[in-house]
Amino acid sequence: MTTDVLRVQDLVVHYHTPLGAVRAADHITFTLRAEERLGLAGESGSGKSTMALAILRMIKPPGRIEAGEVWLEGINVMTLPEEEMRRVRLARIAMIPQGSMNSLNPVMRIKAQIVDALKDHGVRLSARQAEDRVRDLLQSVGLQPQVAEMYPHELSGGMKQRACIAIAISLRPKVIIADEPTSALDVVVQKQVMETLARVQKELEASVILVGHDMGLVAQFVNRLGVMYAGKLVEVSPVRDIFTKPLHPYTQMLIASLPSLEQKGTFRGIPGLAPLLRDLPPGCAFHPRCPQALDRCRTEAPQFKEARPDSWAACHLL
Amino acid sequence: MATLLEARHLTKVFGGGVFDRNTTVALEDFAISIDSDRPSITAVVGESGSGKTTLARLLLGLATPTRGEVLYLGRDLQKMTQTEMRTFRRDVQVIFQDPYEVYNPFYRVDHVLTTPVSKFKLASTKAEARVVIEEALKAVGLRPEETLGRFPHQLSGGQRQRVMVARALLLRPRLILADEPVSMVDASLRATILASLRAMTLECGISIIYITHDLATAYQISENIVVLYRGSVAEAGDVECVVKRPQHPYTQLLISSIPMASAERTWSSESEAAPGVQAAGTAGCRFADRCPSATAPCLQTAPPLFQTEPHRAVACYLYQNAPTLATGEMVRVFTGLATPTKGISGQPGSGEAQHAGV
Amino acid sequence: MAQDPSPILTVPEAGRRREGWLPDTWRYMRRNPSLVVGLILLLILVLFVGIGHLVVDTNKARALSAPAMRAPSFQYPFGTDRQGRDLLAVMVAGTPLTLRIGFIAGFLGVGIGSILGFVSAYYRGIVDTLIRGIADVGLTVPGLLVLIIIAVSIKEGLTVNQMALVVASLAWLNPTRTIRSQVLTLRERGYVDVARLSGMSGPEIIFKELMPNLLPYLGATLVNAVSNAILASIGLEVLGLGPIDSPTLGMTLYWVNYNAALINGWWWWWLAPIVIILIVFLGLFFLTVGLDEIANPKLRRAA
């Protein structure tokens, strides 16, 4: 029985700049099921990081959440007072932000940073309990107990990132949002960190939203994949379907452009450029680059609807 | 068979000064040679700490080797005269990884194009210079009117990188060193930029040394590959052999860790524990502390290159029955250029690269 | 290897559609109030001196040109001092002199400091060690002490310009160090490598690639240097080591001290120079803060 742990409904985020409103996220709608791994893939400027921040209500001015609802286990997070929202963050939804391994406090030992997060959420622990808790957390992310006494600079990139995961799961959240958790890491370490995340997710029976631009990486990890383009969600499907029968032309072309290790072939990029988010073309945002564009695409923005069971896409061709 | 660029016993050690006890061997006894008759694309693949960035800087003459030398047309870079250096600077170009850092924010993007034109006297009048620059931009699929006159922050990462490729083309070099040219560019644009690079080799006869951590793009673009691990060569040879049937344990680990965006290829089972850190200056194979097949000899002396197939060499004692190769002879395992008729779309002049304002 | 920082957050400043410079300027002024305050204060001074020269007879700044010890009145708005100087005239004549010392010393200091800093940081090696060594040693010696010794050893009376040179002799030390560290980071930038590979020579790279990016920083350093130079010169003058015949602000304070004006209750004598010195320093301070904001984009507040 799959229940929805998180439901995002028509979320709209704009950034107000002197040059106009930048439509970073435009009517995003999707659900996250219990114990599911959902991917949000997209290139730079697609709005995926904005989405992650918006779910946690961490958008700072000049950005603003203009509309939409985010239902977390039955509560609309957008209507909560700020004090309650603070408690929801980390305890119910945790985020591993982009570049977090570089945001660890360089003058605090790892143990202190974890305990800090716990204390901030009103968890009172004796010294002994704190030690045990920290050790358990580190173990669940595959780090030796000695790491608790170390400083961030003494750890490798992969270890730092796993320490960040430990902080994120310290209060056993139900939803973990990981934004480019492995972007600066080597391929081998990347795999280890993702395996750690998978293991942790299973233990906590939590759901994960993985935001990233590396389609291969996201695909290997998630059950369902959402593709974002120019601030819009253009397709959401089970990951196998995305690669075997992609619905949206952007998804199709994106997958075709990825280099394979199986055989040498042609280089197929997507011609043109992604549009500026403050200067979107009318109708479908992808139509200038779409080889299958119809006249309708130039004037009318397509609706995001279910084209196949459990596969959603926004395209007039469907 | 004359060589264009050659590195012999190239070694770079950092640290070890009067007050600095810690030394890091960034690159050890590395050799490579690029043929001057046959244009080729050679990939050098390594992760962070493999020494590939150091290698790039040494080959460009931006850093001096601790031991060994880099030769251009037979002349040691460190001993060149001004004129020879000038020729070198003109014949060997670079495309750097970071399309942001390479632009001086004070100037428009024209600056990176006009400087080499004037320094190397590629044009005698301003009008001529403009023509030369516009041609180069069009060759990489950019529209001059949308690119020139802009500041770097007004162009996207992909556009900036293409301007850099255009800059490399301007000088009609004989060799281009591309250091992670597409890693900071969006996935959809990577293919187009790589297609331009490939076209440069096939159409203009420019050789390319493609340095990257991304095996997939290396596989797609090159015919020969060198796998670096912590400053030494682990495996080298024909890219089809090395990628399809890797022999060195590190290469095998690397390939099995790559996440592919396909339904069939999935990540294999759990990886092994976190890598240990070998103390600097230890003799022995650099991969021994992580290697599942390590034996006693591996920890004592670094293995030489064994030529296990006509087009492959592996530095691993698992293959000690094969004949050894001296490091300078590694190039014997390289193959020639693949036939030009192999499907290349996206080259300048075809549909892909000429689309709207890239 | 982070991807392109979201285009949302990099709003281009240059190359914007010119909607007219007035709304742009107004908007910038709201974002950078320090700069505005600093400029206004300095403008007040400039007006004071400018209009003053037209309205007031600066000859009255010399001794024995007016009845002594008069409190401020309509005829002598700032009063007069013990030697019969019209204090308004003194202020009008002296302020530009003090400022001039500051500017000459500041410019010289930053000029020399820039050259040494750039050369030292770009070429590294033995040149760097030498220059840095001298600057470091120089910075540890108490500056005022050295200045006093220099001032005392000049046998004839000092002129204003000589004063400026005395202060300049030490003013280059700090700028050398700070500019050097800025250039050290800049020279690692990718575009410096590209410039080298494009065939540019060392000096060309310094002037064409590095210096333009440091202009805001150099501006802030200059204002700072001017401020320090003025302070140093006033310090020397109050000690009596300045140009004795010139009506600079520092010298006025020297006479204030010499005649114990504070104790004697001749408030108009010390009030005027102090207020003007205050305006000078506040103006320069706010200007530095304002320029700092231009030089360091991270300090920028959201519009």
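Two residues are in contact if their C-beta atoms, placed from the backbone, lie within 7 Å. With that in mind, welcome to this predicted model, where the contact between chains A and B takes 38 residues from chain A and 43 residues from chain B. The predictor gives the complex an ipTM of 0.82 and a pTM of 0.79. Let's walk through it topic by topic.

**Where chain A meets chain B**

- On the side of chain A that touches chain B, five helices each supply at least two residues: α5 (157-169), α6, α7 (215-221), α8 (239-244) and α9 (249-257).
- The residues on that side of chain A divide into 18 nonpolar, 13 polar and seven charged.

**Helix α6 of chain A**

- This helix runs over residues 187-204 of chain A and has 18 residues.
- From its first C-alpha to its last, α6(A) reaches 26 Å, close to the 26 Å expected at 1.5 Å a residue.
- Buried residues of α6(A) include A:Val188, A:Val189, A:Met194, A:Leu197 and A:Val200, and also A:Lys191 and A:Gln192.
- Just after α6(A) comes A:Glu205, with a positive phi of about 55°.

**Strand β3 of chain A**

- Six of the six residues of β3(A), residues 37-42, are buried, so the strand is largely enclosed by the rest of the structure.
- A:Arg37, A:Gly39 and A:Ala41 point one way from β3(A), while A:Leu38, A:Leu40 and A:Gly42 point the other way; all of them are buried.
- Strands of a sheet pair through backbone hydrogen bonds, either parallel or antiparallel.
- β3(A) pairs in the parallel sense with β8 (residues 207-212) of chain A over five bridges, and A:Gly39 stands opposite A:Leu210 there.
- β3(A) also pairs in the parallel sense with β9 (residues 224-229) of chain A, over five bridges; in β9(A), A:Val227 is the bridge partner of A:Ala41.

**Backbone details in the loops of chain A**

- Most residues other than glycine have a negative phi, and most peptide bonds are trans.
- A:Glu35 has a positive phi, near 55°, and sits in the loop between β2 (20-33) and β3 of chain A.
- With 17 other C-beta atoms within 10 Å, A:Glu35 is partly exposed.
- A:Arg57 also has a positive phi, near 55°, and is found in the loop between α1 and β4 of chain A.
- A:Arg57 is partly exposed, with 17 other C-beta atoms within 10 Å.
- The peptide bond from A:Pro61 to A:Pro62 is cis, with omega near 10°.
- A:Pro62 lies in the loop between α1 (48-55) and β4 (63-72) of chain A.

**Chain B as a whole**

- Chain B contains eleven helices and 13 strands.
- Of its 358 residues, 51% are buried.
- Among contacts in chain B between residues at least 6 apart in sequence, 64% join residues at least 24 apart.

**The sheet of chain B**

- Nine strands of chain B form an open sheet with mixed pairing, in the order β6-β7-β8-β3-β9-β10-β12-β11-β13.
- At the edges stand β6 (92-95) and β13 (324-325) of chain B, each with a single partner strand, so one side of each is left without a neighbour in the sheet.
- β7 (residues 175-179) and β8 (residues 207-212) of chain B pair in the parallel sense over five bridges, and B:Ala178 has B:Tyr210 in β8(B) as its bridge partner.

**Helix α4 of chain B**

- The buried residues in α4(B) are B:Ile133, B:Ala136, B:Leu137 and B:Ala139.
- An α-helix has 3.6 residues a turn, so residues three or four places apart point the same way.
- The buried residues of α4(B) pack against α3 (110-119), α5 (144-147) and α6 (157-170) of chain B.
- On the face turned away from the buried side of α4(B) are the exposed residues B:Ala127 and B:Glu128.
- B:Gly141 follows α4(B) and has a positive phi, near 85°.

**Confidence in chain C**

- Chain C averages a pLDDT of 83, and 89% of the residues score at least 70.
- Over residues 1-18 of chain C, pLDDT stays under 50.
- For those residues of chain C, the model has 34 contacts beyond four places in sequence.

Methods. Residues are numbered from 1 along each chain as its sequence is written. Chains are lettered from A and ligands numbered from 1 in the order in which they are written. This is a predicted model: local features need pLDDT of at least 70, side-chain atom pairs count only at pLDDT 80 or more; totals for chains, interfaces and linings use all residues. Helices (H or I, at least four residues) and strands (E, at least two) are DSSP runs, numbered from the N terminus. A residue is buried if 20 or more other C-beta atoms lie within 10 Å of its own, exposed if 12 or fewer, and partly exposed in between; C-beta atoms are placed from the backbone. The expected span of a helix is 1.5 Å times one less than its number of residues. pLDDT is the predictor's confidence in each residue, from 0 to 100. Two strands pair if DSSP finds at least two bridges between them. Ala, Val, Leu, Ile, Met, Phe, Trp, Tyr, Cys and Pro count as nonpolar, Asp, Glu, Lys and Arg as charged, and the others, Gly among them, as polar.
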